[in-house]
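Visitor: I would like to learn how a fold such as this one is read, feature by feature. Could you take me through it?

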Amino acid sequence: QPLASVLEPFGPYMRDAYGLGWYVGRYRSDTLIHHFGGFPGYRAHISYRPDRKIGVAVFVNEALAGSVLTDVIANAIYDRERGSPTTVEQIKSVQEKFTAANRSNAWA
């Protein structure tokens, strides 16, 4: 149940309202009930599309691209389910972060 109006974008998601720990908004044109969270080195994406009866939970334990990777994985699942192609730009952004990390020896 929405308790407070938000009306703010969050990455590719539009957040319309908030209530009882969940944001109610949209991904593309579909309703998305979601809550994300994390700290350096860890990020979680938990979401549900009630009209399509599909939910996704993605957990990443990685500091460089993990904050982007959770949403890319969830969006790819939702896009595939609705018959939309995965956005190439999203995947490239993750690849670029990993490439930059390898160049700077961030893995060492």
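Guide: What follows goes from the sheet to the helix, then to the core and the turns. The model is a predicted one, in which local features need pLDDT of at least 70 and side-chain atom pairs count only at pLDDT 80 or more, while totals for chains, interfaces and linings use all residues. Residues are numbered from 1 along each chain as its sequence is written, and side-chain values use heavy atoms, with hydrogens and water left out.

Visitor: In what order do the six strands lie in the open sheet?

Guide: In general, strands of a sheet pair through backbone hydrogen bonds, either parallel or antiparallel. Helices (H or I, at least four residues) and strands (E, at least two) are taken as DSSP runs numbered from the N terminus, and two strands count as paired if DSSP finds at least two bridges between them. Here the order is β1-β2-β3-β4-β5-β6, with antiparallel pairing. The edges are β1 (4–10) and β6 (54–60), each of which pairs on one side only. From one strand to the next the twist averages 25°, where axes are lines fitted to C-alpha atoms (for helices over the stretch in contact) and angles run from 0 to 180 degrees between N-to-C directions.

Visitor: How many bridges join β1 to β2, and how many pair β2 with β3?

Guide: β1 and β2 run antiparallel and are joined by five bridges, with alanine 4 having tyrosine 18 of β2 as its bridge partner. The pairing of β2 with β3 is antiparallel over six bridges, and there tyrosine 13 has tyrosine 27 as its partner in β3. At the other end of the sheet order, β5 (residues 42–49) pairs with β6 in the antiparallel sense over seven bridges, and arginine 43 stands opposite valine 60 in β6.

Visitor: Which strands does helix α1 lie across?

Guide: Helix α1 (residues 66–82) lies across β2 (13–19), β3 (22–27), β4 (30–39), β5 and β6, and runs at about 155° to β6. Just after α1, glycine 83 takes a positive phi of about 85°.

Visitor: Which residues of α1 are buried?

Guide: An α-helix has 3.6 residues a turn, so residues three or four places apart point the same way. Burial is read from relative accessible area: under 20% is buried, over 50% exposed, and anything in between partly exposed (1.4 Å probe, protein chains only). In α1 the buried residues are Gly66, Thr70, Asp71, Val72, Ala74, Asn75, Tyr78 and Asp79.

Visitor: What does threonine 70 touch?

Guide: Contact means heavy atoms within 4.5 Å. Leaving aside residues up to four places away in sequence, threonine 70 touches Arg43, His45, Val58 and Val60. Threonine 70 counts as buried because its relative accessibility is 0%, and its side chain makes a polar contact with the side chain of arginine 43 at 2.4 Å. A polar contact is a pair of N or O atoms within 3.5 Å; within protein, one must be able to donate a hydrogen and the other to accept it, and residues adjacent in sequence count only if both atoms are side-chain atoms.

Visitor: Which residues make up the largest nonpolar core?

Guide: In soluble globular proteins, nonpolar side chains tend to be buried together. A nonpolar core is a set of buried Ala, Val, Leu, Ile, Met, Phe, Trp, Tyr and Cys residues joined through side-chain atoms within 4.5 Å. The largest has 10 residues: Tyr13, Tyr27, Leu32, Phe36, Ile54, Val56, Val58, Val60, Ala74 and Tyr78. The elements giving two or more residues are β4, β6 and α1, and β6 gives the most, with four.

Visitor: Where is leucine 20 found, and is leucine 20 buried or exposed?

Guide: Leucine 20 is in the loop between β2 and β3, a hairpin with two residues between its strands. Although not a glycine, leucine 20 has a positive phi of about 55°, and with 67% relative accessibility it counts as exposed. Arginine 28, in the loop between β3 and β4, is likewise not a glycine and has a positive phi of about 55°, but at 39% relative accessibility arginine 28 counts as partly exposed.
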